[in-house]
Amino acid sequence: MIKFFIINKYLSKEFFKVIINTTLAFFCLGFIIGLFEEINFFKDYDVSIKIPLFLSFLYVPGLVYNMFPFIVLLSGIWLFLKIKKTDEIIAMKVSGMSNFSVIIIPSIISVILGIFFVTLINPITSTMVKKYESIKGSYERDQDYLAAITVNG
């Protein structure tokens with residue numbers, strides 16, 4: 001029983017490492033692409049680099065939140081390829097673990113992370129995206145994308 005606890009602890013720790021690395025990679029990539037997009041938007045305005053940097057920091061967490069299911073999918077694939085490549089899966093099977101018991105730990109962690117993201121991260125990213133849209137909207141010349149509700153509805 002203790003060896004299963006140690007193996008499960010190892011699997012969860014490795015899965016967290018892979019998720020964090022993948023999330024950081026997507027965050028950095030999204031930040032760089034967003035920064036280029038914001039710089040391109042503000043090229044006609046007389047603003048410092050602080051505003052595009054700030055707007056990119058506001059927008060990228062919402063982008064990462066929207067891509068998180070894909071991040072978890074890629075992290076799971078990366079983890080299972082890693083344990084297969086290093087032949088750790090064979091050691092786990094020799095110790096008595098089934099394929100289901102190897103898969104269940106990353107699955108439980110994915111569900112817990114999903115609940116965490118929906119309950120705690122979603123309100124934060126929604127507020128950040130709202131702030132992003134209000135700041136960027138103040139620099140828009142053509143504000144046709146904004147919805148207006150009249151008295152008639």
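1. Some ground rules to begin with. The model is predicted, so to speak of its conventions: local features need pLDDT of at least 70, side-chain atom pairs count only at pLDDT 80 or more, and totals for chains, interfaces and linings use all residues. Residues are numbered from 1 along each chain as its sequence is written, and side-chain values use heavy atoms, with hydrogens and water left out.

2. Helix 2 deserves a look. Helices here are DSSP runs of H or I with at least four residues, numbered from the N terminus. Helix 2 covers residues 50-85, and its end C-alpha atoms are only 44 Å apart, whereas a straight helix of 36 residues would span 52 Å at 1.5 Å a residue. That expected span is 1.5 Å times one less than the number of residues.

3. Where does helix 2 bend? The bend is at Met-67 and amounts to about 55°, with a proline, Pro-69, following within four residues. The angle is taken between axes fitted to the seven residues ending at a residue and the seven starting there. After helix 2 comes Asp-87, which has a positive phi, near 60°.

4. On to the charged pairs. Side chains of opposite charge can pair when their charged atoms come close. There are 3 salt bridges in the structure, a salt bridge being a side-chain nitrogen of Lys or Arg within 4 Å of a carboxyl oxygen of Asp or Glu. In one of them, Lys-17 pairs with Glu-14, with 3.5 Å between the closest N and O atoms. Both residues belong to helix 1 (residues 2-41) and sit 3 residues apart, about one turn of the helix.

5. Glu-14 has another partner, Lys-82, and here the closest N and O atoms are 2.5 Å apart. This pair links distant parts of the chain, as Glu-14 is in helix 1 and Lys-82 in helix 2, 68 residues apart. Glu-14 counts as buried because its relative accessibility is 9%, where buried means under 20% relative accessible area, exposed over 50% and partly exposed in between (1.4 Å probe, protein chains only). Both lysines are partly exposed, Lys-17 at 42% and Lys-82 at 26%.

6. Glu-38 and Lys-136 form a salt bridge too, with their closest N and O atoms 3.5 Å apart. As for shared partners, salt bridges join Glu-14, Lys-17 and Lys-82 into one network.

7. Lys-136 also lies over the face of Phe-41, 4.5 Å from the ring centre. The criterion is that NZ of Lys or CZ of Arg is within 6 Å of the ring centre and within 35 degrees of the ring normal.

8. Now the rings. The structure has 9 aromatic pairs; rings of Phe, Tyr and Trp (its six-membered ring) pair if their centres lie within 6.5 Å, with planes under 30 degrees apart counted as stacked, over 60 as edge-to-face and the rest as tilted. One of the pairs is Phe-42 with Tyr-45, edge-to-face at 5.9 Å centre to centre and 65° between the planes. Phe-42 is buried at 4%, while Tyr-45 is partly exposed at 21%.

9. Phe-116 and Phe-117 make an edge-to-face pair because their planes are at 75°, with the ring centres 5.9 Å apart. Phe-116 is partly exposed at 37%, whereas Phe-117 is buried at 15%. Ring pairs also gather Tyr-65, Phe-68, Phe-116 and Phe-117 into a cluster.

10. Thr-125 belongs to helix 4 (residues 99-139) and is buried, with a relative accessibility of 4%. What does Thr-125 touch, not counting residues up to four places away in sequence? The answer is Pro-61, Gly-62 and Tyr-65, where contact means heavy atoms within 4.5 Å.

11. Last, Ser-12, which is in helix 1 and buried at 18% relative accessible area. Leaving aside residues up to four places away in sequence, Ser-12 touches Ile-105 and Ile-109. The C-alpha atoms of Ser-12 and Asn-152 are 56 Å apart, and the two residues are 140 residues apart along the chain.

Notes. Helix = DSSP H or I, 4+ residues; strand = E, 2+ residues; numbered from the N terminus.
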